[in-house]
There are 2 protein chains.
Amino acid sequence: MKSVIKNSLSLTVLATSLLAVGAYAAPANDPATLAQIRDNAMKSDWAYERLADLTDLVGPRLSGSAGAAAAVEQVADAMRKLGAKVTLQPVKVPHWVRGAESAELVEYTGRPAGITQKVVLTALGGSGATPAAGLTAPVVIVRSFEELKAKGAQVKGSIVLFDVAFDQEMANRGHAGPAYGHGAGFRFAGPKLAADMGAAAALVRSVGGADYRIPHTGATGVVEGARIPAAAVTSEDAMLMSRLSVRGPLKMHLTLTPQNLPDADSFNVIADWPGTDKADEVVIVSGHLDSWDLATGAHDDGTGVAGAMGVIDTLKKLNLKPRRTIRVIAWMNEENGTRGGKAYFEANKDKLDKHFAAIESDSGGGRPFGFIGSVTPPMVKYFAPLKDVLEPIGAGIFERRDIAGAADTGPLERAGVPVFEPLVDSSAYFNYHHTPADTLDKVNPYELKRHVAVMTSLTWYLANMDENIGRVAPQQD
Amino acid sequence: MKSVIKNSLSLTVLATSLLAVGAYAAPANDPATLAQIRDNAMKSDWAYERLADLTDLVGPRLSGSAGAAAAVEQVADAMRKLGAKVTLQPVKVPHWVRGAESAELVEYTGRPAGITQKVVLTALGGSGATPAAGLTAPVVIVRSFEELKAKGAQVKGSIVLFDVAFDQEMANRGHAGPAYGHGAGFRFAGPKLAADMGAAAALVRSVGGADYRIPHTGATGVVEGARIPAAAVTSEDAMLMSRLSVRGPLKMHLTLTPQNLPDADSFNVIADWPGTDKADEVVIVSGHLDSWDLATGAHDDGTGVAGAMGVIDTLKKLNLKPRRTIRVIAWMNEENGTRGGKAYFEANKDKLDKHFAAIESDSGGGRPFGFIGSVTPPMVKYFAPLKDVLEPIGAGIFERRDIAGAADTGPLERAGVPVFEPLVDSSAYFNYHHTPADTLDKVNPYELKRHVAVMTSLTWYLANMDENIGRVAPQQD
Ligand SMILES: [Zn+2]
Ligand SMILES: [Zn+2]
């Protein structure tokens, strides 16, 4: 109660002072409208229903797949039904298709006659293939790039395992992103480095938490013509191999038969909700529509797409017209190429001055605490009214960063467009992310409502601001 | 500290009073020897090393498999090395071999053209097979046997799903066993009932906790000549099917190609540690050596076997000779037939009066709190000294039950032999039990030490007791 009273007071004071100096386009960004947006979003099931449609009806949506194509249609249809102006922007995407995948330890010290130990793994996106009957090679285990280099000739012809554990303690302390980044570095760069040293294949320990012997897939860095088979083993199987390696040398039989097909045709779904007096300027609000193939991509990034769609639903229900055009984008191919983000940037690079800001949600549907944004420090104060309206739902934190760092909006951000993201609890996110378990039941419907409340309030606020928050001397209109 | 002081006092009082009345065979069951056993077990890694050998070197041990045969050899060798007298008791076991397994939802309301939804499942032990190319049938979802019966003709030719959720809350409250029993009832009886009504196949929702889209296998009840394909789907996939069924009818394509082969030859491993003045009487201490095939059976029941083996290791290190013979048994085929327990009973049914008691550990390697036992109420008081010695390691609870209910020792118990089990925290046990995730890393080495301390103290105590704790007027020697 205490904080609510405090907010009411500060909102009143602020609204009065703003009217006095005329700095804001009231009523567009007035506290009452923002509160209406917030409260309406907190009551609506619409975004959850869209998330259910996307995950239950379409399912996995890897770039180039039938699922990705169906998802483009489904989201475009839903946005058209709301009355948004929908454009499908063509994007050529990598087309990687998972094949057979299996592995057994066929030699190790203490192995009883006739016994092999199964290793649970899944190919990494972009992985090359073994022969159809598999390959057999010694396993070399390393825990750093330095150790890989030090192993030198031993690597040639071997299967390299990067056995680097995900730092769940770091994730629990609130730094899931950096914990993931550390592990994903091995996943992305490790196989290519091993290939350069002549390895027959490369394995990484799954990047993510949880202890249920599920592998976490993800993209690996590939060089055309030099792809080696690359897979993520479960934490359990990485630990097994490390334990067995203490007893003596290991040999693995590995079968991975994914295919790297020619680039496929796909689309960014772009849905405009037209602005009024500043209609030529846009505020992007977005998530990525593609997902990995093992699950239905509920957290990654169904919640981002549903949250962005929910912005328009909320404003439509309240019959609110923004000053700037709100552009919902469901990006294609964030996971293994970010071709959607690149294509959008290419098509819009001479219109950057018309891009006021971009929001991207891609950290899962965990509890939102507020939002982050890459504005300059002097701009932070202009977000006080937005913080105040989100505080009563526990989402009033604004954390400024030099770089927000979302993938699809990365090219825009690097060119000076401020990028915003919801600030969410992602301590459990990497338990599910890129695994078979990223399914609808993992998304808390209440948190998705709160997510939509943050996304919509933030989008509306940006679409109606007077201050130019651009970072690199953007032109004024 | 308080409770330790209390124990020391009561032990002193008790020892004094026992010496006075001469009721116990001191020093064999004296508190000092019991404390020595307890403290030695708490310091030893031996049992954990045996568990590592069993899980890392042998791995899965389903009855009839090469793993089961290798496990028999490994455990027999280890017991021979300790100097125990090892017998391999022949047992004919069911020989069921997992085949291909996959499922997709091929029709549902709202399905985009070209899309099918994958369902993650695993065949139940004893399952029949679909044609190699699979079968396609409507899905009928029920939540009780009553509902199954009420669906009548609809069941014929359909794939029945028993969508009954595991009650994790009940498990958290300390009643994991009954929670499991409820779900396992559907797994065991459901497919047979569905078969009787003409179902094409039967699915059960996985019986166990955790939310990582892993299926839990287990045995299903089968009638020769009337086996239908039967599998466990993950909780996530059961929920998906239930959600989709709200939108309209479902059809599934299901492929399961397990084989039911002729019974195979296998063995109970029986290792005797000879008694002294009552050498013709035996105290059994046991776990089951077979495991499901998806994992390495670390908790189920590697910890039981390693714990039983640890009894002999502990006594040998202390050079302690029991009055009665201690008989370690690693049972074969607990999981899908309990043929080992039945064979032992058949071979020993005219020697039941020589079976003083039997201990079986098969609830996983969670934290032990004490022990349970099926003695009559007047016998409980004779266990006070044992409780006192286990109390300082937090394992001093003795919970009497009319029936302990362990599987392999069931025939002995029903014939009047008192059965004991460690009392353990099994609230997380069913997260791993029968899944691919029941691996060595899940076993806490400290808890395994405590487990061995309880098993050894209890075994030693029973082997040296004067009171006859038999339940059905057993003959005195
Ligand atoms: Zn993502
Ligand atoms: Zn068991």
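The legends below describe close-up views of a predicted model with chains A and B and two zinc ions. Residues are numbered from 1 along each chain as its sequence is written, and chains are lettered from A and ligands numbered from 1 in the order in which they are written. Local features need pLDDT of at least 70 and side-chain atom pairs count only at pLDDT 80 or more, while totals for chains, interfaces and linings use all residues; side-chain values use heavy atoms, with hydrogens and water left out.

**View 1. The interface of chain B and chain A.** Each side is listed by contact (heavy atoms within 4.5 Å), with 40 residues coming from chain B and 40 residues from chain A. The two chains bury about 2900 Å² between them, 55% of it on carbon and sulfur atoms, where buried area is the accessible area (1.4 Å probe) that two parts lose on being put together, summed over both. B:Asp56, B:Leu57 and B:Tyr212 supply 26% of the area that chain B buries against chain A, more than any other three residues.

View 2. Six salt bridges are found between chain B and chain A, each being a side-chain nitrogen of Lys or Arg within 4 Å of a carboxyl oxygen of Asp or Glu. One of them joins A:Glu236 to B:Lys442, with the closest N and O atoms 2.7 Å apart.

**View 3. The zinc ion (ligand 1) in chain A.** A:His288 (NE2), A:Asp300 (OD) and A:Asp362 (OD) coordinate this zinc ion at 1.8 to 2.3 Å; donors are N, O and S atoms within 2.8 Å of the metal (3.2 Å for Na, K and Ca), and because water is not among the atoms, sites may look incomplete. The donor residues are spaced H-x11-D-x61-D in sequence. A:His288 and A:Asp362 are both buried, that is, under 20% relative accessible area, with exposed meaning over 50% and partly exposed in between (1.4 Å probe, protein chains only).

**View 4. The zinc ion (ligand 2) in chain B.** Here the coordinating atoms belong to B:His288 (NE2), B:Asp300 (OD) and B:Asp362 (OD), at 1.9 to 2.3 Å, and the donors follow the spacing H-x11-D-x61-D along the chain. B:Asp300 lies in helix α9 (residues 298–317) and B:Asp362 in the loop between β13 (355–360) and β14 (368–373) of chain B, so the pair ties together parts that are 62 residues apart in sequence; helices (H or I, at least four residues) and strands (E, at least two) are DSSP runs, numbered from the N terminus. B:Asp300 counts as buried, at 4% relative accessibility.
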